Amino acid sequence: GNGTYPTCSNGTAVDLFTKLTGSPNAGGAWTLAGVPVSNMFTPGTSTAGAYSYTVNGTPPCPNATATVTVSVIAAPDAGNSASIIVCSNDAQFSKRSQLGGTPQPGGTWSPGGSDVFIPGTTAPGPYTYTVAGTPPCANAAATLTITIRDAPVAGNGRAISVCTNGAVFNLLDSLGGVPDAGGTWTGPGGTHSDQFQPGTDPGGPYVYQVTGQEPCSPAPATV
């Protein structure tokens with residue numbers, strides 16, 4: 001008897017004989033649009049359509065024919081799982097754009113639901129992207145694991161005036177904000193310590209730079 005077989009594009013190969021109804025005789029031949037074909041249908045390789053199965057009759061009995069109509073449903077594509085590291089001061093981005101492969105739009109993210117990730121605001125961790133499949137295709141899922149590195153802080157630049165006979169002072173104390181310790185200073189004459197001695201050290205811009213942990217860029221501030 002005739003049969004139908006909806007399958008997913010990423011499904012496994014199947015013997016079309018098993019999709020006939022009733023109790024068909026073995027030993028028949030398969031054709032697609034009149035062209036002989038194999039009894040095995042491989043999704044993603046074989047062509048969808050009406051496959052005819054013919055069993056030859058012994059005269060005066062005519063041949064018997066039944067058809068299996070195969071339809072192929074496109075499998076959902078959630079892309080490939082990936083892991084990324086971002087800096088806490090990076091611009092916001094689409095999580096889907098960071099997955100591998102070619103994830104299709106329209107899926108859902110868990111937790112949170114949003115595709116937008118805002119470094120420094122959105123929590124790090126694994127996020128799962130799921131694209132619903134049309135039966136008989138199963139849902140597809142991929143996971144994006146995001147690690148956040150803290151951006152370096154060099155403080156806020158400031159301009160100060162000092163007297164030539166003033167006391168030695170720490171340049172770090174002249175920056176605004178709360179700069180990270182451990183940075184390096186560069187003055188008009190090149191590399192400089194964090195100590196400024198009025199009357200000896202020249203006036204001008206003194207740049208404090210804190211190196212960030214990859215992928216964060218160094219942060220500078222100027223006194």
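1. Cys87 and Cys216 form a disulfide in this predicted model, with their sulfur atoms 2.0 Å apart. The torsion about the S-S bond of this pair is about 115 degrees, so the disulfide is right-handed. Cys87 lies in strand β8 (residues 82-87) and Cys216 in the loop between β18 (207-210) and β19 (219-222), so the link ties together parts that are 129 residues apart in sequence. Both Cys87 and Cys216 are buried.

2. A disulfide also joins Cys8 and Cys137, whose sulfur atoms are 2.0 Å apart. This link is right-handed, with 115 degrees about the S-S bond. Cys8 belongs to strand β1 (residues 3-8), while Cys137 sits in the loop between β12 (125-131) and β13 (140-149), so parts that are 129 residues apart in sequence are tied together. Cys8 and Cys137 are both buried.

3. The count of disulfides comes to two. With bonded cysteines counted along the chain, the pattern is 1-3, 2-4. As for Cys61, it is partly exposed because its relative accessibility is 49%, which falls between the 20% and 50% cut-offs. Cys163, at 48% relative accessibility, also counts as partly exposed.

4. The secondary structure consists of zero helices and 19 strands. The radius of gyration is 35 Å, well over the 17 Å that the globule rule gives for 223 residues, so the protein is more spread out than a compact globule. Along the principal axes, the C-alpha atoms fill a box of roughly 125 × 30 × 20 Å.

5. Of the 223 residues in the protein, 30% are buried. Among contacts with a separation of 6 or more, 54% are between residues 24 or more positions apart. The accessible surface comes to about 12,400 Å², and carbon and sulfur atoms account for 53% of that surface.

6. On charge, the protein has 5 positive and 10 negative side chains. The centres of these two sets lie 14 Å apart.

7. Leu172 is found in the loop between β14 (169-170) and β15 (184-187). Its relative accessibility is 23%, so Leu172 counts as partly exposed. Leaving aside neighbours within four places in sequence, Leu172 is in contact with Pro179, Trp185, Asp194 and Tyr208. The C-alpha atoms of Leu172 and Leu16 are separated by 78 Å, and these two residues are 156 residues apart along the chain.

Technical notes: Residues are numbered from 1 along each chain as its sequence is written. This is a predicted model: local features need pLDDT of at least 70, side-chain atom pairs count only at pLDDT 80 or more; totals for chains, interfaces and linings use all residues. Side-chain values use heavy atoms; hydrogens and water are left out. Helices (H or I, at least four residues) and strands (E, at least two) are DSSP runs, numbered from the N terminus. The radius of gyration is taken over C-alpha atoms; the globule rule is 2.2 Å times the number of residues to the power 0.38. Buried means under 20% relative accessible area, exposed over 50%, partly exposed in between (1.4 Å probe, protein chains only). Contact means heavy atoms within 4.5 Å. Accessible areas come from the Shrake-Rupley method with a 1.4 Å probe; for residues, only the protein chains shown count as cover. Lys and Arg count as positive and Asp and Glu as negative; His and the chain ends are not counted. The place of a charge is taken as NZ of Lys, CZ of Arg, CG of Asp or CD of Glu. A disulfide is a pair of cysteine sulfur atoms within 2.5 Å.
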